[in-house]
Amino acid sequence: MSERLVVAIDGPAASGKGTLARRLASHFGLPHLDTGSLYRAVALRASRDGVAPEVAAGRLSAADLADPALRDDAIGQAASRVAANPEVRAKLLEFQRNFANQAGGAVLDGRDIGTVICPAAPVKFYVTASLEARTDRRVGELRARGGDPIRPRVLAELEERDRRDSGRADAPLRAAPDAYRLDTTDMDAERALAAALAYMAGKGFRRAGS
Ligand code: CDP
C-alpha cells in the first residue's frame, strides 16, 4: 500500500475517539496527536500566566502538553471556550498540519480534523456514543484519577461542551461528508478497534504483513 496513511478522527466529548486513535496509531506504528490537549494546554497556560488565550497559544511548550492537570474537567470546559476563539485556532493550525504531513503518516483526533485540519485524509472516522454512555465513561475516567464525580453534573457539562463545540462559527464539531460513522455506545475499546480496522481493510489499509 503506497498511499500515505493519515487517519482523521473526530467526535464529541468522551465518545471514545482518543482511545480509538491511540489504538490505531499503535496498530499501524504511526505517531498520534490528541489535538484536544492543545486547546486544553492553551486554557491552562492562559489561566496560569493571566494572559489572553491567543497570547497563551503562542507560548505552548512540550511540558505544557504533558501536564496531568490537562485532563481536569474544569480544563475541558475552559478548553472548549478558548477553542471558539478564531485567533487561537489559527495559531494552532500549522502545528497540527505539520504533524499530519510527516513522511510516514499520522493519526490525529479532535473536532475538526476531517473537516479543516486534514480534509484530504484517506481515512476519516466520526466517533459517537449516547450521552449516557459518554457520561459513564467520563465518570469512570475521573474516578480512576482519584476524583469523586457527581454524575448529573458530568452529564450536564458534557452536554454544554457539545453544544458549544457544535454551535461555534469557526470549525464547529461536524462529521466530514466522507467520514465513516462509528457508534461506540455498545462497544468496548476492543470492538471499536476491530470495527475501525475492518472498515480500513475494506479501503485497502492493512498493517504490513497482515
Ligand atoms: O477528551 P474530550 O473529548 O473530553 O475533549 P478533548 O478532545 O480533550 O477537547 C477539549 C476541547 O477542545 C473540546 O471540547 C473542544 O472545544 C476543543 N477542541 C477543538 O475545538 N478542536 C479540536 N480539534 C480538538 C479539541
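These legends accompany close-up views of a predicted model. In this predicted model, local features need pLDDT of at least 70 and side-chain atom pairs count only at pLDDT 80 or more, while totals for chains, interfaces and linings use all residues. Residues are numbered from 1 along each chain as its sequence is written, and side-chain values use heavy atoms, with hydrogens and water left out.

View 1. H6 covers residues 86-100; helices here are DSSP runs of H or I with at least four residues, strands are E runs of at least two, and both are numbered from the N terminus. Its 15 residues reach 21 Å from first to last C-alpha, close to the expected 21 Å, where the expected span is 1.5 Å times one less than the number of residues. Look for the bend of about 35 degrees at Leu 93, taken as the angle between axes fitted to the seven residues ending there and the seven starting there. Buried residues in H6 include Val 88, Arg 89, Leu 92 and Phe 99 (buried means under 20% relative accessible area, with a 1.4 Å probe and protein chains only).

View 2. The ligand is surrounded by 19 residues, each with a heavy atom within 4 Å of it. Lys 17, Arg 40, Arg 89, Arg 161 and Asp 165 are the closest. A polar side-chain atom of Arg 40 lies 2.6 Å from a ligand oxygen, and one of Asp 112 lies 2.9 Å from a ligand nitrogen. Taken alone, the ligand exposes 530 Å², and the protein buries 97% of that (Shrake-Rupley method, 1.4 Å probe).

**View 3. The largest nonpolar core.** This core has 23 residues, and a core is a set of buried Ala, Val, Leu, Ile, Met, Phe, Trp, Tyr and Cys residues joined through side-chain atoms within 4.5 Å. Among the members that touch the most others are Tyr 39, Val 42, Val 88 and Leu 92. Elements giving two or more residues include strand S1 (6-10), helix H5 (73-82) and H6. Helix H2 supplies the largest share, five residues.

**View 4. Two alanines with positive phi.** Most residues other than glycine have a negative phi. Ala 14, in the loop between S1 and helix H1 (17-28), has phi near 60 degrees. Ala 14 counts as buried because its relative accessibility is 9%. Ala 171 sits in the loop between helix H9 (151-167) and strand S5 (180-183), with a positive phi of about 50 degrees.

Conventions. Buried means under 20% relative accessible area, exposed over 50%, partly exposed in between (1.4 Å probe, protein chains only). A polar contact is a pair of N or O atoms within 3.5 Å; within protein, one must be able to donate a hydrogen and the other to accept it, and residues adjacent in sequence count only if both atoms are side-chain atoms.
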